[in-house]
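Please read them with the sequence and the coordinates open beside you.

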Amino acid sequence: MINRAEKQGIGNVANEIFMNNILFFGQLKERLNCANTTLALSYPSSVAQVKTQLQQRGVLWQQLFEQGNVLSAVNQTIANDDTEVNAGDELAFFPPVTGG
């Protein structure tokens with residue numbers, strides 16, 4: 001079976017470093033004053049590992065991601081902390097959404 005990275009011509013990505021696009025939405029975007037960023041990740045990686053790296057950017061980042069109410073998506077699909085992140089994946093973080 002060919003994985004997504006191989007389809008993209010990236011080759012064997014195990015333990016290699018790649019840049020991923022990280023998006024922020026809603027109140028999270030406003031509080032961080034940041035709509036998007038890139039992050040160097042080694043693969044394989046997880047959403048939890050991405051959160052840990054983001055927390056290293058400062059006290060505000062640490063507080064927001066430690067609260068436990070930040071939702072995530074990988075390639076526009078809701079994800080949990082154990083979800084694998086691969087080269088070229090788009091990550092998004094956003095606050096819980098309520099409807100009405």
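Predicted model: local features only at pLDDT ≥ 70, side-chain atom pairs only at ≥ 80, totals over all residues.

1. In what follows, contact means that heavy atoms lie within 4.5 Å. On that basis, and not counting residues up to four places away in sequence, L54 touches I22, F24, L39, W61, F65 and F93. Several of these residues return below.

2. The chain averages a pLDDT of 84, and 82% of the residues score at least 70. Among the elements of the chain, strand 5 has the highest mean pLDDT, at 97, whereas helix 1 (residues 4–7) has the lowest, at 44. Over residues 1–11 the pLDDT stays under 50, and for this stretch the model has 13 contacts beyond four places in sequence.

3. Strand 4 (residues 71–74) pairs with strand 7 (residues 90–94) in the antiparallel sense, over 4 bridges. In strand 7, F93 is the residue that S72 stands opposite.

4. Which residues touch the most other members of the largest nonpolar core? Of its 21 residues, these are F24, V50, L54, F65 and F93. Strand 1, helix 2 (26–32), strand 2, helix 3, helix 4 (59–66) and strand 7 each supply at least two residues of this core. As a general background, nonpolar side chains in soluble globular proteins tend to be buried together. The contacts of L54 given in the opening point include F24, F65 and F93, which are also listed among the residues that touch the most other core members.

5. F24 and F93 form a stacked pair, with 6.3 Å centre to centre and 20° between the planes. This pair links distant parts of the chain, with F24 in strand 1 and F93 in strand 7, 69 residues apart. Both F24 and F93 are buried. W61 and F65 form a stacked pair as well, with 6.5 Å centre to centre and 5° between the planes. W61 and F65 are 4 residues apart in helix 4, and they are therefore separated by about one helical turn. Both W61 and F65 are buried. F24, W61, F65 and F93 form one aromatic cluster, and L54 touches each of these residues.

6. Is S46 buried or exposed? S46, whose place is in strand 3 (residues 45–46), has a relative accessibility of 14% and therefore counts as buried, the limit being under 20%. Leaving aside its neighbours within four places in sequence, S46 is in contact with D81, D82, T83, E84 and V85.

7. With a relative accessible area of 66%, I78 is exposed. Beyond residues up to four places away in sequence, I78 touches S72, A73 and F94. The C-alpha atoms of I78 and A92 are separated by 9.1 Å, and these residues are 14 apart along the chain.

8. N33, in the loop between helix 2 and strand 2, has a phi near 55°, a positive value in a residue other than glycine. N33 is exposed, with a relative accessible area of 70%. N75, whose place is in the loop between strand 4 and strand 5, likewise has a positive phi near 55° in a residue other than glycine, but N75 is partly exposed, with a relative accessible area of 33%.

Notes
Residues numbered from 1 in each chain as written. Heavy atoms only, no water. Pairing = 2+ DSSP bridges. Core = buried A, V, L, I, M, F, W, Y, C linked by side-chain atoms within 4.5 Å. Buried < 20%, exposed > 50% of the residue type's maximum accessible area, 1.4 Å probe, protein only. pLDDT = per-residue confidence, 0-100. Phe/Tyr/Trp six-rings, centres within 6.5 Å; stacked < 30°, edge-to-face > 60°.
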